[in-house]
Amino acid sequence: SSAGGAHCFPDLRVGVFKEIVPMGIDPKIVSYKETGIHLSPQEFHREVEQYLSQASQGQSDTILLDCRNFYESKIGHFQGCLAPDIRKFSYFPSYVDENLELFKDKRVLMYCTGGIRCERGSAYLRSKAVCREVYQLKGGIHKYLEEFPDGFYRGKLFVFDDRYAICSNEDIISACRYCGVLWDQYKLCSSQHCRQLVLTCPSCCNNGLTACCPVCQEKDLKVTSRASGHTLKEECECTRRRPRVPIEHVSQRMLDIGK
């Protein structure tokens with residue numbers, strides 16, 4: 001549980017869906033029953049501690065995998081993690097497919113916000129039969145921070161409501177998009193037709209820098225109309241320049257983890 005209220009959930013509704021967080025793979029094809037091994041926060045903490053110790057000596061056979069979106073891991077993540085530069089969880093299967101060599105014969109410690117995405121993500125990764133073992137953090141970062149507020153998770157925890165982030169420590173690991181000062185409070189891009197999130201500090205906001213990228217800032221996005229009357233927005237620089245499925249360079253990634 002965490003502090004909140006009705007104001008955080010103005011669009012709350014209840015529905016029944018085949019997937020709680022869409023991964024784009026039919027649950028009948030990759031079953032949620034074939035998940036990774038669940039680790040309690042205490043067990044996960046010990047595993048991460050051992051992983052970081054081994055990685056610092058260049059001896060780790062483990063990957064600490066963040067299966068959230070890039071804007072979530074940008075403001076908070078576990079030390080030494082591999083955080084895919086993906087925009088949607090539905091891109092995760094393609095990310096795994098394109099980086100199978102990275103996971104070959106590895107022990108994978110996977111985590112997400114509350115454990116829901118790991119239920120599907122770990123099952124998909126296991127279905128590829130390349131990893132030696134796949135583990136997941138039971139209850140996700142939420143439960144871990146309840147037990148270890150000053151543990152191996154640094155920065156804020158992104159949440160999908162009007163709070164955007166909650167914190168358990170004072171660490172700030174991200175920066176203002178414009179001036180580079182430490183900052184981790186998201187706002188929506190000021191462009192009317194853009195839904196990207198932007199990190200822009202109060203000083204830059206006061207100077208009018210309130211959009212997610214120069215395209216939105218300078219052009220306010222050109223809008224064209226379909227025949228049906230629906231509008232299409234021009235993709236902003238943030239989206240256009242981001243590869244849908246990033247390819248990890250194994251050797252460099254292992255070096256970075258070691259550091």
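Which loop holds Cys194? Select Cys194 and you land between β9 (186-188) and β10 (197-199); helices (H or I, at least four residues) and strands (E, at least two) are DSSP runs, numbered from the N terminus. The model is predicted: local features need pLDDT of at least 70, side-chain atom pairs count only at pLDDT 80 or more, and totals for chains, interfaces and linings use all residues. Residues are numbered from 1 along each chain as its sequence is written, and side-chain values use heavy atoms, with hydrogens and water left out.

**Stop 1: Cys194**

Cys194 has a relative accessible area of 3%, so it counts as buried (buried means under 20% relative accessible area, exposed over 50%, partly exposed in between, with a 1.4 Å probe and protein chains only).

**Stop 2: the whole chain**

Zoom out for a moment. The chain has ten helices and twelve strands, and 44% of its 259 residues are buried. Of the contacts (heavy atoms within 4.5 Å) with a separation of 6 or more, 61% join residues 24 or more positions apart.

**Stop 3: a four-stranded sheet**

Next, select β1, β5, β4 and β2. In that order they form an open sheet with parallel pairing (two strands pair if DSSP finds at least two bridges between them). At the edges are β1 (37-39) and β2 (62-66), each pairing on one side only. On average, neighbouring strands of this sheet are turned by 25° against each other, direction ignored; axes are lines fitted to C-alpha atoms, for helices over the stretch in contact, and angles run from 0 to 180 degrees between N-to-C directions.

Focus on β5 (residues 133-137), which pairs with β4 (residues 107-111) over four bridges. Three bridges join β5 to β1. Click on Gln136: Met110 stands opposite Gln136, and Gln136 is also the bridge partner of His38. Tyr135 is the partner of Leu109. Four of the five residues in β5 are buried.

**Stop 4: the helices around it**

How do you get from β4 to β5?

Then show helix α1 (residues 41-55), which lies across β1, β2, β4 and β5 and runs at about 130° to β4.

Which residues of helix α6 (residues 140-147) are buried? Select Gly140, Ile141, Tyr144 and Leu145. They lie on the same side of α6 because they cover an arc of only 140° around the axis, the arc being that of the directions from the helix axis to the C-beta atoms. Their cover includes α1, β3 (76-78), β4, β5, β6 (153-155) and β7 (157-158).

**Stop 5: Asp61**

Finish in the loop between α1 and β2, where Asp61 is found. Its relative accessible area is 28%, so Asp61 is partly exposed. Leaving aside neighbours within four places in sequence, Asp61 is in contact with Gln54, Lys106, Arg107 and Arg132. Lys104 is 43 residues from Asp61 in sequence and 10.0 Å from it in space, C-alpha to C-alpha.
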